[in-house]
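Visitor: I have not seen this structure before. Please walk me through the terms used for it.

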Amino acid sequence: DQHRNQFTISFWAKPPGTAVEGASPFGGETNGVAIPGASSTNLGFYVYMRTHPSIRKWSVSLYGTDRLIDAYTLGQWQLVTLTASNGALYGSVNDLPRRSLGACSDFVLPKPPVLGMRNGSGHGFSGAVDEFRLARAVRAETWVQTEYRNLAQASFVRFGTVTAGNDTDGSGLPDAWEL
């Protein structure tokens with residue numbers, strides 16, 4: 001499929017008050033299914049927490065290659081986003097600048113990914129996950145930043161002038177839109 005390497009995955013995660021190494025809010029492993037170019041059959045694609053004191057970051061593993069995304073905050077909601085575009089993988093946390101995570105070619109998972117752990121049998125994430133999204137589109141960095149700011153600031157971010165038009169009930173919404 002021409003779009004398999006063009007996608008955006010995003011989700012809100014709230015890690016527990018204590019981090020657990022490898023805790024994975026999203027992921028899928030191949031569980032014995034061979035992947036072309038992979039050095040092992042027990043690898044996959046998953047996001048997890050690195051807890052070593054010198055690291056403490058969200059990380060993504062793709063077929064056994066681990067890549068650091070950015071720092072997490074315990075006990076607080078944060079938006080984690082992965083974008084694959086033209087053979088490259090990018091990651092971001094909240095509205096921080098997108099970070100290059102390296103190559104991401106021929107991305108295929110033979111088993112469906114799961115929420116809350118890597119493969120349904122381990123590395124459970126005891127925090128909360130919400131609004132998981134998988135888009136077959138490459139979301140721009142500004143799209144991700146706006147999505148984060150709209151929810152984190154609890155108000156809509158606007159660009160440009162907004163006109164209400166006819167608003168007979170004074171709600172701030174144009175009558176045509178309300179109808």
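Visitor: How confident is the prediction for the chain?

Guide: The average pLDDT is 79. A score of at least 70 is reached by 75% of the residues. Strand β7 (residues 88-93) has the highest confidence, at 93. Helix α2 (residues 175-178) has the lowest, at a mean of 70. Where pLDDT is low, the coordinates should not be read in detail.

Visitor: Which elements make up the chain, and in what order?

Guide: There are 2 helices and 10 strands. From the N terminus the order is β-β-β-β-β-β-β-β-β-β-α-α. Of the 179 residues, 35% are buried.

Visitor: What makes Trp 58 count as buried?

Guide: Its relative accessible area is 0%. Buried means under 20%. Therefore Trp 58 is buried.

Visitor: And why is Phe 125 called buried?

Guide: Phe 125 has 9% relative accessibility. The cut-off is again under 20%, so Phe 125 is buried.

Visitor: How do you know how the rings of Phe 7 and Phe 45 are arranged?

Guide: A search of the whole structure finds 6 aromatic pairs. In one of them, Phe 7 and Phe 45 lie 6.5 Å apart, centre to centre, with 75° between the planes. Planes over 60 degrees apart count as edge-to-face. So this pair is edge-to-face. It links distant parts of the chain: Phe 7 belongs to strand β1 (residues 7-14) and Phe 45 to strand β3 (residues 44-50), 38 residues apart. Both Phe 7 and Phe 45 are buried.

Visitor: Why is the pair of Trp 58 and Phe 125 called tilted?

Guide: The centres of these two rings are 6.3 Å apart, and the planes make an angle of 45°. Stacked needs under 30 degrees, and edge-to-face needs over 60. Trp 58 lies in strand β4 (residues 57-62) and Phe 125 in the loop between β9 and β10 (128-135), so the pair ties together parts 67 residues apart in sequence.

Visitor: Which residues form a cluster through ring pairs?

Guide: Trp 58, Tyr 72 and Phe 125 are linked that way.

Visitor: What makes you say that a charge sits over the ring of Trp 143?

Guide: The charged end of Arg 139 is 4.1 Å from the centre of that ring. The distance limit is within 6 Å. The charged end of Arg 139 is listed as sitting over the ring of Trp 143.

Visitor: How do you know that Arg 149 and Asp 95 form a salt bridge?

Guide: Their closest N and O atoms are 2.9 Å apart. A salt bridge needs within 4 Å, so the pair qualifies. Arg 149 lies in helix α1 (residues 141-152) and Asp 95 in the loop between β7 and β8 (99-103), so the bridge ties together parts 54 residues apart in sequence. In total, the structure holds 5 salt bridges.

Visitor: Why do Arg 149 and Asp 95 count as partly exposed?

Guide: Arg 149 has a relative accessible area of 31%, and Asp 95 is at 23%. Buried is under 20% and exposed is over 50%. Both values fall in between, so both residues are partly exposed.

Visitor: Which residues are linked in a network of salt bridges?

Guide: Glu 131, Arg 133 and Glu 147 are. Arg 133 meets Glu 131 at 3.0 Å between the closest N and O atoms. Arg 133 also meets Glu 147, at 2.7 Å from N to O. Glu 147 sits in helix α1 and Arg 133 in strand β10, 14 residues apart. Glu 147 is at 12% relative accessible area, so it is buried. Arg 133, at 40%, is partly exposed.

Visitor: Is Ser 100 buried or exposed?

Guide: Ser 100, in strand β8, has 54% relative accessibility. Exposed means over 50%, so Ser 100 is exposed.

Visitor: Which residues make the nonpolar surface patch?

Guide: Leu 115, Phe 132 and Leu 134 make a patch of about 290 Å². Leu 115 is found in strand β9 (residues 114-115). At 48% relative accessibility, Leu 115 counts as partly exposed.

Technical notes: Residues are numbered from 1 along each chain as its sequence is written. This is a predicted model: local features need pLDDT of at least 70, side-chain atom pairs count only at pLDDT 80 or more; totals for chains, interfaces and linings use all residues. Side-chain values use heavy atoms; hydrogens and water are left out. Patches are made of residues with over 30% relative accessible area and no salt bridge: like charges are joined within 9 Å, nonpolar side chains (Val, Leu, Ile, Met, Phe, Trp, Tyr) within 5 Å. Accessible areas come from the Shrake-Rupley method with a 1.4 Å probe; for residues, only the protein chains shown count as cover. A salt bridge is a side-chain nitrogen of Lys or Arg within 4 Å of a carboxyl oxygen of Asp or Glu. Helices (H or I, at least four residues) and strands (E, at least two) are DSSP runs, numbered from the N terminus. Buried means under 20% relative accessible area, exposed over 50%, partly exposed in between (1.4 Å probe, protein chains only). A charge sits over a ring if NZ of Lys or CZ of Arg is within 6 Å of the ring centre and within 35 degrees of the ring normal. pLDDT is the predictor's confidence in each residue, from 0 to 100.
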